[in-house]
Amino acid sequence: MELIISTSSGKPIYEQLKEQIKDKIISGELEPGYALPSMRDLAKDLKISLITTKRAYQDLESEGFIVTAVGKGSFVSSNDIGLLSEYKLKEMEENLRNAVKQAKLCKVGFEEMSEILEMIYREEKQ
Amino acid sequence: MNQGISVKYLNKSFGGPGIKNICAEMPRGYITAIIGNNGAGKTTLLKCITGSYIPDSGVVEFGIPKRYGRIGVVFDECPYPPAMRIDALSKTLSKIFDDWDASRFDSLCAEYRIPKSSKVGALSRGARMKLQFAVMLSHATDYLILDEPTSGLDPDARDGFLDVLRDYVSDEEHTVVISSHMTSDLEKIADQIILMIDGRIVFCKDRISLMEEYGLVRNADPNDLPEEHVVGIVENDFGSTALVKDRAKLSDERPDLLIDDASLEDIVIYHMRGNGR
Amino acid sequence: MNQSLIALRINNASLVCGIIAAVSVIAGLFIIDSPRFVMLAVSIPLMASMIVITMGNGRSMSRKWNSFVISSGVVRRDVISSLFVPPIIVYLIIASITMAGSLLLSGDVGSTMLNCAPVACIIVSIATVFGIMSFALSGSSLFSDILGVAVPILMIMIGYCYYEYEPAFDPLSIVMFAIVALITIVLGWRMSVNGFRRLDL
């Protein structure tokens, strides 16, 4: 599992970890039942604090993405992926809402906004 | 009991200020960094923990009881006799520690480029520090206590040590307590941070709790911020930046304020410099 | 046996030799009809320098090294502070016996005791020099250590020779001292650094 941490991104490391793992689960790269590296091993490999990996895994568990069995490890949960992607959808909605607010501030109309959206959608690589 | 080191109401002074009513938990499996300026009492606290000082009052409790020779120590001054050769030191230590791993010590000395035939006193400051590390890692330990171990080391060596410490706690059986005045060490390895100022503990928190508690308000107007939230203000050419605490509550009270994340270094520096103005 | 540990033990032994030497000289002062001011002039610096050298060795070893062994959980602080007490008690007992012996058995034995002093000086100086060269635990400089040893010895030798003190270096005194020195070195040995290994945390 490849994870990239940026210390200069401003986003707390545990959040970066969380998001990346979530993305991989939603995209199917990590399938239900997949055994994640232990919190300690992850901390060791990425050279970060155990507190950070622990927090990331805790959050992922409380959001239903993974399950942690004491002594056994952490695994991708078999919850309906559809349910989990709702989190991501909600995020997207939030972002769109903010974009619309900004558009209105700049007095950009719906038509113009759709054009820009289309352009960006095509540009954005998968 | 978190199985690490527990300090309760520790007091120790030598006529001067000393340390007062220190309460802290240093959990097992974690690296706790004690940070503070010179004279803050870090060394005094560490010496009370190791038993070099007997506290005036209070207790130090060990989750895993202190067993013979099972504490690794690094001081800012190398404690081995200056005229002793490195190979003689190894022999001496083998008589002191039950499980002295001479081959491990040899390979560490080779790695740190410490010649076996040198005398302790002939080594450079950095090499003497590395020697202490080599000793510390060559006998089985439950705890590592380090007092300013990275001062005097070049950045490469410092990085190497921090890696070693991280490895050491990775099985969650060991506990590390390290004191430093170098805030740059914090980001790399501290799981929990204790800030000491003038003999008292200002906070003892894990890194995520700290980041959730504290924030920076840039372009702050000192008169505009509620006093109880302001930890310290630093002025520069572009205005003032304030470190605030309980940022969640402040954010509710003042949604107009933009509160940025503060780095561990920021948190410590603002406490030490700002003085809650 | 580790060379450095040997030196540690001899350093401890030199303390007792120094005390005995000084006490012998003082005892001699009151028993023998000899130029007292000479005896006084050499005994006090001798005693002072021997004690200072050995304590100096002990102290600078104590501070940092003991801090290391205490912190490592090898021995408790209160125990290690008391480690110097048994040897000093033993040494004082031996010194008292020496002094009492001189007082009670004045005359030949008294003068014999006095004659022990230069031999004691020689043994102490050898021990200290050995200690300095193989394992300089002392934080003080080599120069001051040697000075501390050499000057009193020179003074005592000069005093003896100048006043033509007869029984200097007679065989009986050398044998007596060798026995006393041997006993004290062995006792010092047993009491010294490695002894703490047997004391529980």
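This is a predicted model: local features need pLDDT of at least 70, side-chain atom pairs count only at pLDDT 80 or more; totals for chains, interfaces and linings use all residues.

Reader: Which residues make the contact between α1(A) and α3(A)?

Author: From α1(A) you get Ile13(A), Tyr14(A), Leu17(A), Lys18(A), Ile21(A) and Lys22(A). On the α3(A) side there are Thr52(A), Thr53(A), Arg55(A), Ala56(A), Tyr57(A), Asp59(A) and Leu60(A). Heavy atoms within 4.5 Å is what counts as contact here.

Reader: And what is that contact like by class?

Author: Seven nonpolar, two polar and four charged residues. Tyr is put with the nonpolar ones under this scheme, in case you'd have sorted it elsewhere.

Reader: What makes Lys47(A) and Asp163(B) a salt bridge?

Author: The cut-off is a Lys or Arg side-chain nitrogen within 4 Å of a carboxyl oxygen of Asp or Glu. For Lys47(A) and Asp163(B), the closest N and O atoms are 3.1 Å apart, so the pair meets the rule. Side chains of opposite charge can pair when their charged atoms come close.

Reader: Where do the two partners of that pair sit?

Author: The pair crosses between chains. Lys47(A) is in the loop between α2 (39–46) and α3 of chain A, while Asp163(B) belongs to helix α5 (residues 155–169) of chain B.

Reader: How many salt bridges does the rule give between chain A and chain B?

Author: Three. Over all chains the count comes to 24.

Reader: What do chain A and chain B bury between them?

Author: About 1,300 Å², with 54% of it on carbon and sulfur atoms. In chain A, Arg40(A), Lys47(A) and Ile51(A) lose the most area to chain B, together 39% of what that side buries. So Lys47(A) turns up again, having also paired with Asp163(B). In residues, 14 of chain A are in contact with 17 of chain B.

Reader: What about the area buried between chain B and chain C?

Author: That's about 2,200 Å², and carbon and sulfur atoms give 64% of it. Tyr68(B), Lys95(B) and Ile96(B) lose the most area in chain B, together 23% of what that side buries. The contact takes in 32 residues of chain B and 20 of chain C. As for salt bridges, the count between chain B and chain C is zero.

Notes: Residues are numbered from 1 along each chain as its sequence is written. Chains are lettered from A and ligands numbered from 1 in the order in which they are written. Side-chain values use heavy atoms; hydrogens and water are left out. Helices (H or I, at least four residues) and strands (E, at least two) are DSSP runs, numbered from the N terminus. Buried area is the accessible area (1.4 Å probe) that two parts lose on being put together, summed over both.
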